[in-house]
Amino acid sequence: MKKLEAVIKPFKLDDVREALGEIGIAGMTVQEVKGFGRQKGHTELYRGAEYMVDFLPKVKLEVVVSDEMIDQAIEAIVDTARTGKIGDGKIFITDVERVIRIRTGEENEEAI
């Protein structure tokens, strides 16, 4: 099993969720986060004063999928979240040793 963490632009969340649903991924965890990479933030004007906004709003999506589904999940996210502009985000993939569903005690593939 693999854990896929995707950091994307907030307005792309619904499209990405739908794309993942179409390939059979129903469960996910979503967090509103802030950060920056090459984008390096931007300046804004507020009440006549200019100030630097270092951290930009993003959404972090976490999904655990079987090894067989990981390539489909990556493709769905990349195809849906890409705008072609700086700040589209990143995907991180890590191995998952064990998953346990608390309610039933099911483990691993049955638990996701």
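**Salt bridges and a helix face**

Reader: In this predicted model, which residue's side chain does Asp 95 meet in a salt bridge?
Author: The contact runs from N to O, at 2.3 Å. It links distant parts of the chain, 93 residues apart. Asp 95 sits in strand E6 (residues 89–95), and its partner is in strand E1. That partner is Lys 2.

Reader: Is Asp 95 buried or exposed?
Author: The relative accessible area of Asp 95 is 59%. The cut-off for exposed is over 50%. So Asp 95 counts as exposed.

Reader: How many residues apart in sequence are the parts tied together by Asp 88 and Lys 9?
Author: The side chains of Asp 88 and Lys 9 meet in a salt bridge of 3.7 Å, N to O. Asp 88 lies in the loop between H2 and E6. Lys 9 lies in the loop between E1 and H1, so the pair ties together parts whose separation in sequence is 79 residues.

Reader: Is Lys 9 buried or exposed?
Author: Lys 9 has a relative accessibility of 14%. Buried means under 20%. So Lys 9 is buried.

Reader: Where on helix H1 do its buried residues lie?
Author: In H1 (residues 13–22), the buried residues are Leu 13, Val 16, Ala 19 and Leu 20. Seen down the axis of H1, they fall within an arc of 130°. They therefore line one face of the helix.

Methods
Residues are numbered from 1 along each chain as its sequence is written. This is a predicted model: local features need pLDDT of at least 70, side-chain atom pairs count only at pLDDT 80 or more; totals for chains, interfaces and linings use all residues. Side-chain values use heavy atoms; hydrogens and water are left out. Buried means under 20% relative accessible area, exposed over 50%, partly exposed in between (1.4 Å probe, protein chains only). Helices (H or I, at least four residues) and strands (E, at least two) are DSSP runs, numbered from the N terminus. The arc is that of the directions from the helix axis to the C-beta atoms. A salt bridge is a side-chain nitrogen of Lys or Arg within 4 Å of a carboxyl oxygen of Asp or Glu.
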